[in-house]
Amino acid sequence: MQPGAVVVVSGPLGPWAGGPRPSSVPYPVVVAAPVAERRPYAVSWLADAARRLLAATPASPLVLVAHGTAGPLLPALARAQRAAGRRVGGYVFADATLPRPGAPSHLDLLRAADGPAADAAHDALHGSGAVWPPDAAHPGDHDFWTERLPPAPDWPDAPCGYLHTGAAVPGVGPGGFWARSAAARGWPVHTMAGGDDVTAALAGVIDALPG
């Protein structure tokens, strides 16, 4: 599809290191790294993302691109953009966890991909003032990992694709698990080979979305 703008949002654990270069694609790209500074963390992240997009005024239709733990928050962000009068034409998940029925937590999603890692994280988070994972730019506390995320009823409401770069992303678990989950939903999945360019690969996934 030909988007009016592409909005790339990173998850609350930190920005997308090695993400796309906006100057290398033929449409406007807004890159945002919203932060979750207070409880409820998902609401805080969504409010910060909405403020950043209000300032950027991207043109419709939007393609929303989620990286890492932004994945399960993307449907709620889309609802906010529609409420602001913008049309959402598609979604791309880049090394991201995926929305699931109900209102799972980030820890539930990690457990789906890597049960032992989730159990170890949960044990570590019971310490006083503990946060996890230690390699994240903004590691989350126990409340962050266990709070229920916004539900995604009647979703997806636009075409979706998945980009699996092979990079390790804090808090997500094995990226191949989520790429297989996307393929099982019938979404197009692009798995990068060594030496592939992230910007070109993301543009290819966007171009392959119908619309």
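Leaving aside its neighbours within four places in sequence, which residues is Trp 45 in contact with? Here they are: Val 9, Ser 10, Gly 11, Pro 12, Pro 34, Val 35, Ala 36, Ala 70, Leu 73 and Leu 77, where contact means heavy atoms within 4.5 Å. This is a predicted model, in which local features need pLDDT of at least 70, side-chain atom pairs count only at pLDDT 80 or more, and totals for chains, interfaces and linings use all residues. Residues are numbered from 1 along each chain as its sequence is written, and side-chain values use heavy atoms, with hydrogens and water left out.

**Nonpolar cores**
- Trp 45, Tyr 91 and Phe 93 have the most contacts inside the largest nonpolar core, which has 50 residues.
- Helix α1 (residues 41-56) gives this core its largest share, 6 residues.
- A second, separate core of 20 residues includes Val 25, Ala 94, Leu 163 and Leu 209.
- Such a core is a set of buried Ala, Val, Leu, Ile, Met, Phe, Trp, Tyr and Cys residues joined through side-chain atoms within 4.5 Å.
- Helices are DSSP runs (H or I, at least four residues), numbered from the N terminus.

**Around Gln 81**
- Gln 81 sits in helix α2 (residues 74-83).
- Gln 81 counts as buried because its relative accessibility is 2%; buried means under 20% relative accessible area with a 1.4 Å probe, protein chains only.
- Beyond its neighbours within four places in sequence, Gln 81 is in contact with Ala 50, Leu 53, Leu 62, Arg 86 and Val 88.
- The side chains of Gln 81 and Arg 86 are joined by a polar contact of 2.7 Å (a pair of N or O atoms within 3.5 Å, one able to donate a hydrogen and the other to accept it).

Methods. Helix = DSSP H or I, 4+ residues; strand = E, 2+ residues; numbered from the N terminus.
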